[in-house]
Amino acid sequence: MASPTTAAAALTHFLLLALLFLPFAAAGAPHRHRIPSRHLASLNASAPPTTFFEVDRPIRPPLGSAGPCSTLLLSHSFGATYGRPPVTAAYAPPECLAAARAGGGSLALAVLEWTADCRGRQFDRIFGVWLSGAELLRSCTAEPRATGIVWSVSRDVTRYAALLADPGEVAVYLGNLVDQTYTGVYHVNLTLHLYFHPAPPPLTQQADLIVPISRSLPLNDGQWFAIQNSTDVQSKSLSIPSNTYRAVLEVFVSFHGSDEFWYTNPPNEYIEANNMSSLPGNGAFREVVVKVDEDVVGAVWPFTVIYTGGINPLLWRPITGIGSFNLPTYDIDITPFLGKLLDGKEHKFEFGVTNALDVWYIDANLHLWLDPKSKKTVASLVSYNAPPLVLGVNSGFSGLDGKFVTHASRHISATGRVKSSHGEVTTTFNQRFSYANSNVYTTNGTVQVVNQTIDAKSGTFVKDASAVLLSEEVHKLFPLYIYTGTSDQVGDEYSLVSVVKLGVNHKMVSGGKSGFSYHSLRNSQSARGTMRVKKNLVVGGLGKTHQVYKYMGTDGCYFRDVSSRNYTITADKSGDACSKRSPSSGVKVSLQ
């Protein structure tokens, strides 16, 4: 048993991890709990439900397209679904899809829409949507209130056009538990909306085949792989068609349980010295490593998604955390490695997480482009460089107070050639990452401040003998600041103060045979709140959130500035007009 002093020092982390855990959906650990808020004011039972939302750019159909042609894929009420098989439904391609192609048209846009409502009290739950084993959406539910909530998530799934054209099976896993206290049942509709061009596009950008790298049904869980520790490696072996000329791996990632707040975890020596064995450790750095036949082909340094009950649940009502409703995916171009994959044999695709604790959910979709004029393409690996991860931690602590500074970097680069009916094409893909995290405990360990920055750059360069076919650079910057402090503890009652600032800065520049494109996104949230907690329930508190979303690109612009206080929107401005110096007005841009 920990001493009273140690227990007090661990209180901040205990709140983040023991009380604020995402249960069941995260790791199958039903003894862990978040703090579902009591109703902070008297509520009118006849009041309309509250609409929760994640700020994002609206998905707009391309100019001149026809639609939507909408198909309900699945409708279900998720009550006692934890530890049970996913809900499934047969998928048949909508008749309008075949009709459009028969008439010479083509798919312009496909949107998967999740709409849900819930009433009562419930935790947030992670869930996934798969079609024929390929994941289409990873998301988190909103936490309900007595008068009810509604929310929707829309994801552009046009890149899965090949999958949508064939019959298959839709599977949804949302692990939920319902009892006398936690009464919320999630009522869900899943709908596919299709839009069409009157004529075929000049170039097919979507893959010809999508191969899922996930677990197969039947399961009593989602189809994702569960990574439970730093040595756990999950894999799947598969072979690819011999006429493949391009391959891109799309990786889905989410973190839960002991690693839901991995970026706040102290080193193990701090935990051991202070006798806090129940406190998650392994330090504050994580990376997803992707291998093919033991070779590192890419890595994911994930954005720090905070789910709808995370840190302080009152911060995310009704504006949810960035990425919480539509978790980001990460692309790794493995075309340079086709030389080893086109031998007709099965090859092992592996996923592991550096320093992982239980649990990470990971799977992937392999997007393949096939040469219709060739039975077999010929490929070779020209160069490959993947030095080991560089990771360093400077630790200093005295008792329960201390400072831990972590730095990391990694570089991966590969070049390969593919000979097909398109000629001999050389592809280079590279990734460069840097990471810095400062984790400080003060006031006898009851105050914790985390400052973190993830910097991820990637580039794709494709050329043939006469021209550059594609030159694309992507730069992502993920800043994060978290302050948590506890005070006024009397018995089982205390106050928690929290400040969260997080953001996504994303730039992309692409040019080549298909033209020039550019976009820039600056998406930032600043939230602060207080909670009065008694017997693990929020009995009072305040949460305020401010978010600014700015997108500019050759495909248009979007802006939104929105603020909330508890469940109420206090200010909201938005627009889609581009400034005079935006990229769509012809200004020159560069990616630094």
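Analyst: A term to begin with: buried means under 20% relative accessible area, exposed over 50%, and partly exposed in between (1.4 Å probe, protein chains only). This is a predicted model, where local features need pLDDT of at least 70, side-chain atom pairs count only at pLDDT 80 or more, and totals for chains, interfaces and linings use all residues. Residues are numbered from 1 along each chain as its sequence is written, and side-chain values use heavy atoms, with hydrogens and water left out.

User: How many disulfides does the structure hold?
Analyst: Two, a disulfide being a pair of cysteine sulfur atoms within 2.5 Å. Cys 557 and Cys 578 form one, with the sulfurs 2.0 Å apart. Cys 557 is buried at 7% relative accessible area, while Cys 578 is partly exposed at 33%.

User: And which residue is joined to Cys 69?
Analyst: Cys 96, with an S to S distance of 2.0 Å. That link is left-handed, at -85° about the S-S bond. Cys 69 sits in strand β2 and Cys 96 in helix α3, 27 residues apart; helices (H or I, at least four residues) and strands (E, at least two) are DSSP runs, numbered from the N terminus.

User: What handedness for the link of Cys 557 and Cys 578?
Analyst: Right-handed, because the torsion about the S-S bond is about 110°.

User: Switching to α3. Which residues are buried there?
Analyst: Cys 96, Leu 97 and Ala 100, in a helix that covers residues 95–102. On the other side of α3, Glu 95, Ala 98, Ala 99 and Ala 102 are exposed.

User: What follows α3?
Analyst: Gly 104, whose phi is positive, near 90°.
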